[in-house]
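Welcome! Take a look at the structure, then try each task before reading on.

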Amino acid sequence: MKLRRLLLARYRAHEGTEVQFPPDGLVLVTGENGSGKSCLLEALAWLLGGERLRGGDPSRDGLTHVVAQLQDEGGSWNAQRSREGGRTRLLLGASIDAPLQFSTTTEGQRALEQRAGTLDAFLYACVFSRE
């Protein structure tokens, strides 16, 4: 699986951030302390596993939205997790406009893990550096 694009809306300090990733190679995220570098990884972890790495509510005013465009051997597809008014939704599909429907978030999470892998596998592949 490759990450092509990540969109954060009202996620911690990110009001509306979009990051495009190159098709190949290593991605380094640099910046000043407090500029939101860790939030990118945190948002992806929340999207893929519904878990918060640092705890606390990542939403602003009870609303947050994270979308990733992913690519695997089956082609390009989107995953979207949003939270509004205490309710979390997970949508998957070739288009955000026509997502697959799941009766529960748990069912959607299983489908996401079948296609993208587990959150633990993703986090294992990440490298952190203090420099």
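**Exercise 1. The turn between two strands**

Which residue in the turn of the hairpin formed by strand 4 and strand 5 has a positive phi?

Solution. Begin with the ground rules. This is a predicted model, where local features need pLDDT of at least 70, side-chain atom pairs count only at pLDDT 80 or more, and totals for chains, interfaces and linings use all residues. Residues are numbered from 1 along each chain as its sequence is written, and side-chain values use heavy atoms, with hydrogens and water left out.

Step 1: find the strands. Strands (E, at least two residues) and helices (H or I, at least four) are DSSP runs, numbered from the N terminus. Strand 4 spans residues 75-84 and strand 5 spans 87-93.

Step 2: look between them. Two residues separate strand 4 from strand 5 in this hairpin, and the turn residue with a positive phi, about 60°, is Gly 85.

Step 3: compare with Arg 10, a residue other than glycine whose phi is also positive, near 60°. Arg 10 lies in strand 1, residues 2-11.

**Exercise 2. Inside strand 4**

Is Ser 82 buried or exposed?

Solution. Step 1: recall the cut-offs: buried means under 20% relative accessible area, exposed over 50%, and partly exposed in between (1.4 Å probe, protein chains only).

Step 1: Ser 82 has 15% relative accessibility, so this residue counts as buried. Seven of the ten residues of strand 4 are buried, so the strand is largely enclosed by the rest of the structure.

Step 2: check the surroundings, where contact means heavy atoms within 4.5 Å. Setting aside neighbours within four places in sequence, Ser 82 has contacts that include Trp 46, Thr 64 and Arg 89. Ser 82 is also the bridge partner of His 65.

Step 3: turn to Arg 89, in strand 5. Arg 89 is partly exposed, at 38% relative accessible area.

**Exercise 3. The aromatic pair**

How far apart are the ring centres of Tyr 11 and Trp 46?

Solution. Step 1: a pair of aromatic rings is described by the distance of the centres and the angle of the planes. Rings of Phe, Tyr and Trp (its six-membered ring) pair if their centres lie within 6.5 Å; planes under 30 degrees apart count as stacked, over 60 as edge-to-face and the rest as tilted.

Step 1: the count by this rule is one aromatic pair. The centres of Tyr 11 and Trp 46 are 6.0 Å apart and the planes stand at 45°, so the pair is tilted.

Step 2: Tyr 11 is in strand 1 and Trp 46 in helix 1, 35 residues apart. Tyr 11 is buried at 0% relative accessibility, and Trp 46 is buried at 2%.

**Exercise 4. The core**

Which residues have the most contacts inside the largest nonpolar core?

Solution. Step 1: such a core is a set of buried Ala, Val, Leu, Ile, Met, Phe, Trp, Tyr and Cys residues joined through side-chain atoms within 4.5 Å.

Step 1: the largest one has 25 residues, and Leu 6, Leu 44 and Leu 112 have the most contacts inside it. Helix 1 gives the most to this core, with eight residues.

Step 2: zoom in on Leu 44. Not counting residues up to four places away in sequence, Leu 44 touches Leu 3, Leu 6, Ala 68 and Phe 122.

Methods: Pairing = 2+ DSSP bridges.
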